[in-house]
Amino acid sequence: MVDLSVVVVSWNVRDLLRQCLASTSDLQSPSIETIVVDNVSTDGSAEMVRTEFPDVRLIVNTENRGFPAANNQGIAIAEGRYVLILNPDTEVIDDALAAMVAYADENPDVGVVGPQLLNDDADKCPGADGCPSVQSSRRRFPTLATAFFESTWLQPCAPRRLLARYYVQDQPDDATLDVDWVKGAALMARREAIEQVGLMDEGYFMYSEELDWCKRFKDAGWRVVYLPTAQIVHYGGKSSDQVMTSRHIHFQTSKVRYFHKFHGRFVGELLRWFLLGNYVWQLGVEGAKWLVGHRRPLRAERIAAYRRVLQSGLRGDRP
């Protein structure tokens with residue numbers, strides 16, 4: 001039986017996908033299979049996988065189904081005892097995957113293992129301590145107060161302890177910890193745990209799906225562990241950076257969906273209107289800057305983007 005199934009969902013990041021697959025293709029222990037789900041890339045990603053990685057199992061979608069749905073396609077055909085959800089803009093370092101599998105084997109109550117993610121900044125300070133730097137990838141569950149500040153224009157005004165708690169900044173980066181959830185750029189789940197709680201919620205298109213999944217694992221009694229002895233470089237946001245307006249919409253609608261689902265309709269709607277108000281304010285700021293002639297092309301681009309966000313109503317699908 002395969003120890004680990006690596007599922008990579010890709011969209012228009014061919015060169016990074018090649019690097020990601022190369023970092024796992026020569027690993028023999030644990031036994032690994034790799035599954036790539038391509039969400040209608042137009043940059044030749046699927047052809048590259050067929051030509052350069054013939055052992056990879058490839059699914060080519062005819063429409064962009066989003067991150068959770070595409071991952072579910074890969075999980076559905078996976079044969080491993082564990083399933084690793086891995087972004088294409090990542091690079092596995094040394095024996096990180098073996099370390100994750102070994103830890104899970106030694107701790108049968110662990111349902112999810114997240115490695116330590118590293119930033120791609122080692123070349124900026126070669127030989128210096130702290131490089132590459134650690135990327136924040138472990139979290140506590142968000143409260144409504146967290147949602148009001150985190151990843152909004154109010155974040156610089158947030159009480160320091162509020163976000164420090166959310167980002168688990170009260171614990172050292174090199175400590176193995178039980179956490180509430182880990183980022184989906186690299187998340188390994190035990191097959192028995194998946195069979196118990198179900199697949200990813202396809203009501204999310206992208207963002208917050210790993211938060212939702214880890215919440216369900218924790219509610220079912222499984223541990224979620226951050227394992228810093230396993231390290232993976234994450235280049236970060238290379239697919240979503242190509243569609244910034246959609247990124248705003250998907251990120252915020254996913255946040256609203258999570259709070260609807262786990263905190264009730266009233267809380268979800270309160271958050272939705274609060275976020276919309278943020279975009280109204282920012283639209284006004286950008287409009288004022290455009291009127292005084294400050295970098296007008298940039299302001300016009302942002303005004304158009306924020307208008308689209310407001311037109312969406314941040315509704316998405318409701319759980």
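A salt bridge here is a side-chain nitrogen of Lys or Arg within 4 Å of a carboxyl oxygen of Asp or Glu. The model is predicted, so local features need pLDDT of at least 70, side-chain atom pairs count only at pLDDT 80 or more, and totals for chains, interfaces and linings use all residues. Residues are numbered from 1 along each chain as its sequence is written, and side-chain values use heavy atoms, with hydrogens and water left out.

**Exercise 1. Work out which parts of the chain the salt bridge of Asp-201 and Lys-261 links.**

Step 1: check the contact. The two side chains, Asp-201 and Lys-261, meet at 2.8 Å, N to O.

Step 2: Asp-201 is in the loop between H7 and H8, while Lys-261 is in helix H9, 60 residues apart. (Helices, H or I with at least four residues, and strands, E with at least two, are DSSP runs numbered from the N terminus.)

Step 3: look at accessibility. Buried means under 20% relative accessible area, exposed over 50%, and partly exposed in between, with a 1.4 Å probe and protein chains only. Asp-201 has 13%, so call it buried; Lys-261 has 31%, so call it partly exposed.

Step 4: widen the view. Asp-201 and Lys-261 belong to a salt-bridge network with Asp-212, Arg-216 and Arg-257.

**Exercise 2. Find what Lys-215 pairs with in a salt bridge, and which ring it lies over.**

Step 1: take the salt bridge. Its partner is Asp-219, with the closest N and O atoms 3.6 Å apart. Both sit in helix H8, and because they're four residues apart, about one helical turn separates them.

Step 2: compare their surroundings. Lys-215 is buried at 18%, whereas Asp-219 is exposed at 54%.

Step 3: find the ring. Lys-215 lies over the face of Phe-141, 5.0 Å from the ring centre. (A charge sits over a ring if NZ of Lys or CZ of Arg is within 6 Å of the ring centre and within 35 degrees of the ring normal.)

**Exercise 3. Classify the aromatic pair of Tyr-207 and Phe-251.**

Step 1: get the rule. Rings of Phe, Tyr and Trp (its six-membered ring) pair if their centres lie within 6.5 Å; planes under 30 degrees apart are stacked, over 60 edge-to-face, and the rest tilted. The count by this rule is 10 aromatic pairs.

Step 2: apply it. Tyr-207 and Phe-251 have centres 5.3 Å apart and planes at 70 degrees, making the pair edge-to-face.

Step 3: Tyr-207 is in the loop between helix H7 (191-197) and helix H8 (209-219) and Phe-251 is in helix H9 (residues 244-263), so parts 44 residues apart in sequence are tied together.
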